[in-house]
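Please keep the structure open while you read.

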Amino acid sequence: MIKSIEWADDRVRILDQSRLPHEVSYIECTDYRMVADAIKTLKIRGAPAIGIAAAMGVALHAQGLKAADYEEFMASLGPVIDTMLSTRPTAVNIRWAMERLKTLLDENRHEGIEALKRLLVDEAEAILAEDIAVNRAIGTWGAEFIRDGATVLTHCNAGALATGGYGTATAPILVAMEQGKEVRVIADETRPVLQGARLTTWELMQSGVPVTLITDNSAGALMRKGAIDLCIVGTDRTVRNGDVANKIGTYSVAVLARENGVPFYVAAPFSSIDFTLSSGEEIPIEERPAEEVTHVCGCRIAPEGVGVVNMAFDVTPARYITAIITEKGAFRPEDLKKLAETGTDPSELRLKS
Ligand code: MRU
């Protein structure tokens, strides 16, 4: 299985995705700043993976701390947590992971500093292991929507590389194939950073999934020809009304899917659902350097001095989404609120294929 990140010998080992598919190389992080830099520069990316990386970064820093008591320990960890939170603003997984660590520390404040250090490592590793299990569950629920012989379009990379393993959007495809169904994938190249062309194709080919690469602007024409049966994408933050932030271009795919009668699914672990926000308008959208647009693989393609807008994500309104596939089942986007606020049993709201 492709491992985007692991805790190994008191280091954080990150597969450097900025070098894929040409080179499979790893960064051995010995300092939390290396982890934060890897997140910022997309060496590790994808909402669940950066949540795991941030948690491991905090655990890494904790190992070298000499603190007299809990208060001193927390005072040293505070700026590290803030650094992780400042790396990328759209994915809610980093905040989710940081809250989880803070709660753990608070609940064990009387255990002693050495015990807290160990607990942080265990928790970061648990976040990673749980993510893989969650993805498998998403795969099982999602596979119900994939018929034998289906062609699935995906945007960006919400695969093993973007998670602890197995992926979110790719999980239903992998499970459907394990069930003996024939499935083909069409991967949008995903400008500007080309996560589709560089990463999704690479990891699907490694897993033996038939995959075809297209330019982003081909999706509509292919849907019109009837060449795409369904779309499955990931999400960086899904909010209470079912609006979803994901890689820039996702909104266009969703609108095209609606226009062409193609079902549009979002694979969303609960770790990427932000129940504190009521609508997608409130999601902070990361803006990234102009060079990502003016250059392709280090080569300038636009004139010097041209103005650039480079929003890394967009928001797809809930009305374009057929279902949100989580580890607890697939739900209509508007039902997320009921799940969170009324404590309704998921089985009452679960969608059937
Ligand atoms: O900028 P990136 O590469 O981190 O964007 C990633 C995505 O948009 C993914 O679809 C999302 O994080 C979900 S990953 C399971």
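## About the model

This is a predicted model, in which local features need pLDDT of at least 70, side-chain atom pairs count only at pLDDT 80 or more, and totals for chains, interfaces and linings use all residues. Residues are numbered from 1 along each chain as its sequence is written, and side-chain values use heavy atoms, with hydrogens and water left out.

## Cavities

A few terms come up first. On a 1 Å grid over the protein atoms alone, a cavity is a set of points where a 1.4 Å probe fits but cannot get out, while a pocket is an open set with protein on both sides within 12 Å along at least five of seven lines; lining residues have an atom within 4 Å of a point. Grid points are joined across faces, edges and corners, and a volume is the space filled by probe spheres set on the points. By this rule, there are 2 cavities of 30 Å³ or more.

The largest cavity has a volume of about 190 Å³. Its lining has 22 residues, with Arg45, Gly46, Ala47, Asn157 and Asp236 nearest the centre. Helix 2 (47-63) and strand 9 (244-247) each give at least two residues to this lining; helices (H or I, at least four residues) and strands (E, at least two) are DSSP runs numbered from the N terminus. Sorted by class, the lining of the largest cavity holds 9 nonpolar, 9 polar and 4 charged residues, where Ala, Val, Leu, Ile, Met, Phe, Trp, Tyr, Cys and Pro count as nonpolar, Asp, Glu, Lys and Arg as charged, and the others, Gly among them, as polar. The largest cavity lies between domain 1 (5-135) and domain 2 (142-349), because both give residues to its lining; the domain bounds come from an automatic or database domain assignment.

The second largest cavity has a volume of about 40 Å³. Its lining includes Leu42, Pro192, Lys247 and Arg288, and divides into 5 nonpolar, 2 polar and 3 charged residues.

## The largest pocket

The volume of the largest pocket is about 490 Å³. It is lined by 21 residues, of which Ser18, Val193, Arg198, Cys297 and Gly298 are the closest to its centre. The lining has 10 nonpolar, 6 polar and 5 charged residues.

Helix 7 (195-206), helix 10 (291-294) and strand 12 (295-296) each supply at least two residues of this lining, and helix 7 gives the most, with 3 residues. Domain 1 and domain 2 each contribute at least three residues to the lining of the largest pocket.

## Helix pairs

Axes are lines fitted to C-alpha atoms, for helices over the stretch in contact, and angles run from 0 to 180 degrees between N-to-C directions. Angles under 35 degrees count as roughly parallel, over 145 as roughly antiparallel, 65 to 115 as roughly perpendicular and the rest as oblique. A crossing is left-handed if the near helix is turned anticlockwise from the far one by less than a right angle, and right-handed if clockwise.

The axes of helix 1 (residues 32-40) and helix 2 come within 8 Å and cross at roughly 165°, so the two are roughly antiparallel; their crossing is left-handed. Helix 2 also packs with helix 3 (residues 70-87), at about 150° with axes 10 Å apart. That makes helix 2 and helix 3 roughly antiparallel, and their crossing is right-handed. Helix 5 (residues 113-143) and helix 6 (residues 171-178) have axes 7 Å apart and an angle of about 65°. They are therefore roughly perpendicular, with a right-handed crossing.

## Backbone points

Most residues other than glycine have a negative phi, and most peptide bonds are trans. Leucine 42, although not a glycine, has a positive phi of about 65°; leucine 42 sits in the loop between helix 1 and helix 2.

Another joins arginine 191 and proline 192, with omega about 5°; proline 192 is in the loop between strand 5 (183-188) and helix 7.
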